[in-house]
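Thanks for coming. I will take one model today and go through its packing, beginning with a single residue and ending with the whole chain. Please look at the display before I start.

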Amino acid sequence: MANREDLAIIRSARAGQAKAQLALGKRYLTGGSGLPQSLATAMHWLERAARADQAEAWSLIGAHIPYELATQAADVVSFSTWYERAFEQGVVEAGLVFAKLVLTQTPLQQIDGLHDKAIRMLAAAAESGAAEAQWLLAQHDGKALTATTLSVSGYGAAAAALHSGQVWAERAADAGIAQAQYLLADAAWDNTDRVAYLHRALPLARAL
């Protein structure tokens, strides 16, 4: 049950006070002090605070509100802005969510220039060590990724993209992304590269 302090913050937040909306969103992020943890409720109040130019609100959205919840926003295009701003403030994980939204949500895909921005953010998240970002970047850069190894010098930009996808797939696999491990194991098998196959297949077998 909410205590007196919580009730006072709730009343102020409902009255439109931005700082109270931010405070209430923060309390729902973690729970405690008489309020339950609820990311959906936190998202609601943090978004209202963000609209009132509370910079901490969009940083918290970028750091704590996952992609799955973001897709449920009433206006995904507007909500994605908070991830963009959070990323600009140094919240690297916000770049991953922003990229996923742009690459999967039709309204965002229709905005010129947003795709390239999303890939840059995805690359930054991948460079920071985010395994999911590495795997997504591997899929993006290596759309032509097959079991056949191409020569970068011999096939130009297409091979360079393929090589980049291979590199990110390897980093994602090393970070424990099972899909990347299976992809590389299959490629090594098809290429009769027994050493590479054992390197990728043995951890999967042990996990089973």
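Ala70 touches Met43, Val76, Phe79, Tyr83 and Leu101, leaving aside residues up to four places away in sequence. This is a predicted model, so please take every value as computed from it. Ala70 sits in helix 5, residues 67-70. Is Ala70 buried or exposed? Ala70 is buried, because its relative accessible area is 0%, and the cut-off for buried is under 20%. Then there is Val97: in sequence it is 27 residues from Ala70, while the C-alpha to C-alpha distance between the two is 8.4 Å.

Next, helix 4, residues 55-64. Which of its residues are buried? They are Ala57, Trp58, Ser59, Leu60, Ile61 and Gly62. The cover over these buried residues includes helix 2 (18-30), helix 3 (39-51), helix 6 (76-88) and helix 7 (92-104).

Let me take helix 3 out of that list. The axes of helix 3 and helix 4 come within 8 Å, crossing at roughly 150 degrees, and the crossing is left-handed. On the helix 3 side, the contact is made by Leu39, Leu46, Glu47, Ala49 and Ala50. Helix 4 contributes Ala57, Trp58, Leu60, Ile61 and His64. Sorted by class, this contact of helix 3 with helix 4 has eight nonpolar residues, one polar and one charged.

Now to another helix pair: helix 12, residues 178-190, and helix 13, residues 194-207. At what angle do helix 12 and helix 13 pack? The angle is about 140 degrees, and the axes are 8 Å apart. Helix 12 passes helix 13 in a left-handed crossing. From helix 12, the residues in contact are Gln181, Tyr182, Leu184, Ala185, Ala188 and Trp189. From helix 13 they are Ala196, Tyr197, Arg200, Ala201 and Leu204. By class, that gives nine nonpolar, one polar and one charged.

Last, the chain as a whole. The protein chain has 13 helices and zero strands. Of its 208 residues, 42% are buried. Take the contacts between residues at least 6 apart in sequence: 50% of them join residues at least 24 apart. The accessible surface comes to about 11,300 Å², with 53% of it belonging to carbon and sulfur atoms.

That is the end of my part; I will take questions now.

Methods
Residues are numbered from 1 along each chain as its sequence is written. This is a predicted model: local features need pLDDT of at least 70, side-chain atom pairs count only at pLDDT 80 or more; totals for chains, interfaces and linings use all residues. Side-chain values use heavy atoms; hydrogens and water are left out. Axes are lines fitted to C-alpha atoms, for helices over the stretch in contact, and angles run from 0 to 180 degrees between N-to-C directions. Helices (H or I, at least four residues) and strands (E, at least two) are DSSP runs, numbered from the N terminus. A crossing is left-handed if the near helix is turned anticlockwise from the far one by less than a right angle, and right-handed if clockwise. Contact means heavy atoms within 4.5 Å. Ala, Val, Leu, Ile, Met, Phe, Trp, Tyr, Cys and Pro count as nonpolar, Asp, Glu, Lys and Arg as charged, and the others, Gly among them, as polar. Buried means under 20% relative accessible area, exposed over 50%, partly exposed in between (1.4 Å probe, protein chains only). Accessible areas come from the Shrake-Rupley method with a 1.4 Å probe; for residues, only the protein chains shown count as cover.
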